[in-house]
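Subject: Structure handover

Hi,

Here is the structure for you to open.

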Amino acid sequence: MGCGRGELTRELLPHVTGGLVHGFDLDPRQVAAARSIAGARFEVADAEDLYEQPAGKYDLAVCRRLLLHVRRPSEVLRQMARIVRSGGAVAAIEPGVPDGLAGDVLDAIGERWLGRRLADLFAEAGLPDVTVARVEGSPPPLPTSPTDRDQYLGSGGTLERWEQHLAQLRPTEGLWGGIAKVP
Ligand SMILES: C[S@@+](CC[C@H](N)C(=O)[O-])C[C@H]1O[C@@H](n2cnc3c(N)ncnc32)[C@H](O)[C@@H]1O
């Protein structure tokens with residue numbers, strides 16, 4: 001969910017045997033770019049409005065660096081849980097970035113601390129039995145996409161600050177993950 005250009009999809013594909021991988025993103029430009037990835041299907045969809053998707057269709061719904069962008073993050077988790085079968089899982093990986101220019105950029109386009117609120121957000125979504133932990137590794141937890149840039153510039157940020165932010169990225173800092181079984 002919120003697959004962007006398919007970065008996470010690319011990482012997941014080698015772990016999926018005999019199943020289907022679907023990526024959804026609100027931005028048609030991102031979906032068009034993701035479609036170059038073989039072995040997965042990509043569609044435009046709003047993660048806050050997934051009612052056209054059948055309930056219980058998927059084994060796993062996962063988002064990474066999506067919830068900080070949406071108005072109602074716990075509602076997105078609730079809707080992700082609806083399209084997952086009972087016994088499947090919902091997972092989210094989000095930044096929790098304390099300071100510096102990256103934090104400023106996150107504040108301009110979303111919520112820099114969201115990754116550290118995952119337990120509460122899962123509970124609000126009806127998924128209280130969640131495991132939350134710090135996540136090491138790729139990708140940058142910080143905003144990097146063209147959509148992020150447009151949002152940052154739209155909120156009054158300057159291109160110069162955005163380019164400074166990209167130059168200062170420290171890729172593995174500040175990512176948090178939560179995973180819960182769907183009842
Ligand atoms: C920072 S990118 C993350 C891309 C990818 N998940 C990753 O971690 O590499 C955030 C993506 O969320 C998408 N997005 C924002 N709001 C959304 C919504 N309501 N529904 C679906 N996608 C959304 C944006 O278009 C953007 O592609």
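Below is what I found, starting with the whole chain and ending with single residues.

This is a predicted model: local features need pLDDT of at least 70, side-chain atom pairs count only at pLDDT 80 or more, and totals for chains, interfaces and linings use all residues. Residues are numbered from 1 along each chain as its sequence is written.

Overall fold

The protein chain has seven helices and six strands. Helices (H or I, at least four residues) and strands (E, at least two) are DSSP runs, numbered from the N terminus. Along the sequence the pattern reads α-β-α-β-β-α-β-α-α-β-α-α-β. The radius of gyration is 16 Å, close to the 16 Å that the globule rule gives for 183 residues, so the chain is as compact as a globular protein of that length. That radius is taken over C-alpha atoms, and the rule is 2.2 Å times the number of residues to the power 0.38. The C-alpha trace spans about 45 × 35 × 30 Å along its principal axes.

Of the 183 residues, 39% are buried. Buried means 20 or more other C-beta atoms within 10 Å of the residue's own; exposed means 12 or fewer; partly exposed is in between; C-beta atoms are placed from the backbone. Among contacts between residues at least 6 apart in sequence, 71% join residues at least 24 apart. A contact needs two C-beta atoms, placed from the backbone, within 7 Å.

Four strands form an open sheet in the order 3-4-6-5, with mixed pairing. Strand 3 (58–64) and strand 5 (130–135) are the edges, each pairing on one side only. From one strand to the next, the twist averages 15 degrees. Two strands pair if DSSP finds at least two bridges between them. Strand 3 and strand 4 (residues 84–95) run parallel over six bridges. Val-62 has Ala-91 in strand 4 as its bridge partner.

Helix 3 (residues 73–82) packs on this sheet and touches strand 3 and strand 4; its direction makes about 150 degrees with that of strand 4. Axes are lines fitted to C-alpha atoms, for helices over the stretch in contact, and angles run from 0 to 180 degrees between N-to-C directions. Pro-73, Val-76, Leu-77, Gln-79, Met-80 and Ala-81 of helix 3 are buried. The buried residues of helix 3 pack against strand 3, strand 4 and helix 5 (118–124).

The ligand

Which residues are closest to the ligand? They are Gly-2, Gly-4, Glu-7, Ala-47 and Arg-64, in a shell of 22. A residue is in the shell if its C-beta atom, placed from the backbone, lies within 6 Å. Helix 1 (7–12) and helix 6 (146–154) each supply at least two shell residues.

Single residues

Arg-65 sits in the loop between strand 3 and helix 3. Its phi is near 55 degrees, a positive value in a residue other than glycine. Most residues other than glycine have a negative phi. Arg-65 counts as buried because it has 27 C-beta neighbours inside 10 Å.

Val-70 is in the loop between strand 3 and helix 3. Val-70 is buried, with 21 C-beta neighbours inside 10 Å. Leaving aside neighbours within four places in sequence, Val-70 contacts Ala-47, Glu-48 and Val-76.

Best wishes
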